[in-house]
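I opened a notebook page for this structure.

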Amino acid sequence: MCQPVRSRREKPPWWPETEPWPPRHELHDRPGRRRFFRRLAAFAFIVMAFGIYGAVTLGWQIITRLRPETSVAPLAFAAIFILAMCAFGLVGLSFARLRGATTSLRGVMDAADRVAAGDYRTRVAEGGPYSPIRNLARSFNTMTERLEQHDRQRRDLMADVAHELRTPLTVIQGKLEGLVDGVYPRDDAHLQSLVEETHVLSRLIEDLRTLAQSEAGALKLQKEAVEPGDLVRDAVQAFAGEAEAKRIVLNVDAARDLAPIEVDAVRIREVMTNLLSNALRHTPAGGSVTVRVAAAASGGLSVSVIDTGPGMTADEIARAFDRFYKGTGSRGSGLGLTIAKGLVTAHGGEIRATSEPGRGTTITFTLPQPR
């Protein structure tokens with residue numbers, strides 16, 4: 001359903017107090033816009049009037065030439081009268097349709113002013129006598145819906161970033177104040193905890209930078225030919241200590257004779273790090289995490305990270321790769337899977353998650369072999 005458009009005289013609640021309402025460009029443009037539509041209507045009326053005159057004259061000439069013995073035959077009068085009435089009716093219908101089209105165009109132009117001013121909730125009625133006009137209104141509404149969605153995502157992102165940055169900063173501030181006030185002793189243990197919080201903060205900032213670059217298509221990849229099995233085993237080996245401490249079995253199932261693949265090894269290792277960290281975080285003690293490496297059916301490489309955690313619902317799977325989305329009990333930043341998706345996509349690959357509640361989760365990504 002289309003949302004009602006506010007009156008042009010009503011100032012939106014979000015409008016900055018430092019800027020005049022209505023916007024300056026609206027104040028200057030409205031008189032010119034009225035003149036444009038008046039001139040368009042006058043031009044259309046003149047063209048239609050000449051059209052009627054030409055049609056009547058042409059009809060008169062044809063009839064008088066067919067009946068030269070009479071200058072003013074009753075048949076000629078009847079034919080001219082019918083032709084004139086039809087022409088007037090056609091002119092009236094055309095004028096009404098033209099007026100409807102100009103009204104629709106005026107509505108789109110007025111709504112475009114509101115969108116230019118930042119009101120993405122503006123919608124126009126998808127009506128009008130001509131299908132191109134209706135298609136224009138439909139496209140305009142689609143555009144404003146997307147702009148509104150993007151604006152909402154931007155606001156949510158800013159709020160999420162502020163929240164994620166606030167947590168380590170609050171911890172650092174509290175511990176520093178405790179050290180200054182003498183609440184905590186100034187020993188290596190407390191200083192080390194501060195260093196760890198700065199690492200968390202640094203990692204979050206780096207994640208945000210990577211995410212911004214991947215979404216903007218500005219991520220530079222340093223591709224080189226690597227052995228897939230070695231790359232995966234190196235990434236898994238980095239989590240061997242954590243898995244042992246949590247009593248989780250960590251396995252690698254790599255197919256033999258895998259062809260080398262050209263990828264950015266650092267970025268793919270980052271993908272593996274995010275997936276393994278996520279899998280270990282959700283796998284209980286006594287469970288297992290298996291990394292399966294095989295040739296993709298369509299060529300290239302397929303890597304699956306399979307855990308025996310609690311699994312995810314269909315709704316959680318649908319939102320798993322959204323920014324800052326955290327499942328039940330998650331303690332991460334909510335960026336790991338989003339960054340993994342961005343890095344895989346930058347390589348021209350795909351990533352997906354499959355899961356059932358109580359049966360673990362499998363996240364698989366595929367990388368194409370450059371031709």
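**Entry 1: the second largest pocket.** I asked which element gives the most to the lining of the second largest pocket. I found α3, with four residues. I am working on a predicted model, where local features need pLDDT of at least 70, side-chain atom pairs count only at pLDDT 80 or more, and totals for chains, interfaces and linings use all residues. Residues are numbered from 1 along each chain as its sequence is written, and side-chain values use heavy atoms, with hydrogens and water left out.

I noted the ranges next: α3 (131–181) and α9 (336–346) each supply at least two lining residues here. Helices (H or I, at least four residues) and strands (E, at least two) are DSSP runs, numbered from the N terminus. Among the lining residues I listed Q153, D156, D160, R323 and K341. The lining divides into three nonpolar, two polar and six charged residues. Ala, Val, Leu, Ile, Met, Phe, Trp, Tyr, Cys and Pro count as nonpolar, Asp, Glu, Lys and Arg as charged, and the others, Gly among them, as polar. The pocket's volume came out at about 270 Å³.

I wrote down the terms. On a 1 Å grid over the protein atoms alone, a pocket is an open set with protein on both sides within 12 Å along at least five of seven lines; a cavity is a set of points where a 1.4 Å probe fits but cannot get out; lining residues have an atom within 4 Å of a point. Grid points are joined across faces, edges and corners, and a volume is the space filled by probe spheres set on the points.

**Entry 2: the cavity.** How many cavities of 30 Å³ or more does the structure hold? I found one. The largest cavity has about 40 Å³ of space. Its lining has 10 nonpolar residues, no polar and no charged. They include L231, M272, L301, F365 and L367. At least two residues each come from α5 (228–237), β3 (261–263), α7 (265–282), β5 (301–307) and β7 (361–367).

**Entry 3: the sheet.** I followed the strands next. An open sheet of five strands runs β2-β4-β5-β7-β6, with mixed pairing. Two strands pair if DSSP finds at least two bridges between them. β2 (249–254) and β6 (350–355) are at the edges with a single partner strand each, so one side of each has no neighbour in the sheet. β5 and β7 run antiparallel, joined by six bridges. L301 has L367 in β7 as its bridge partner.
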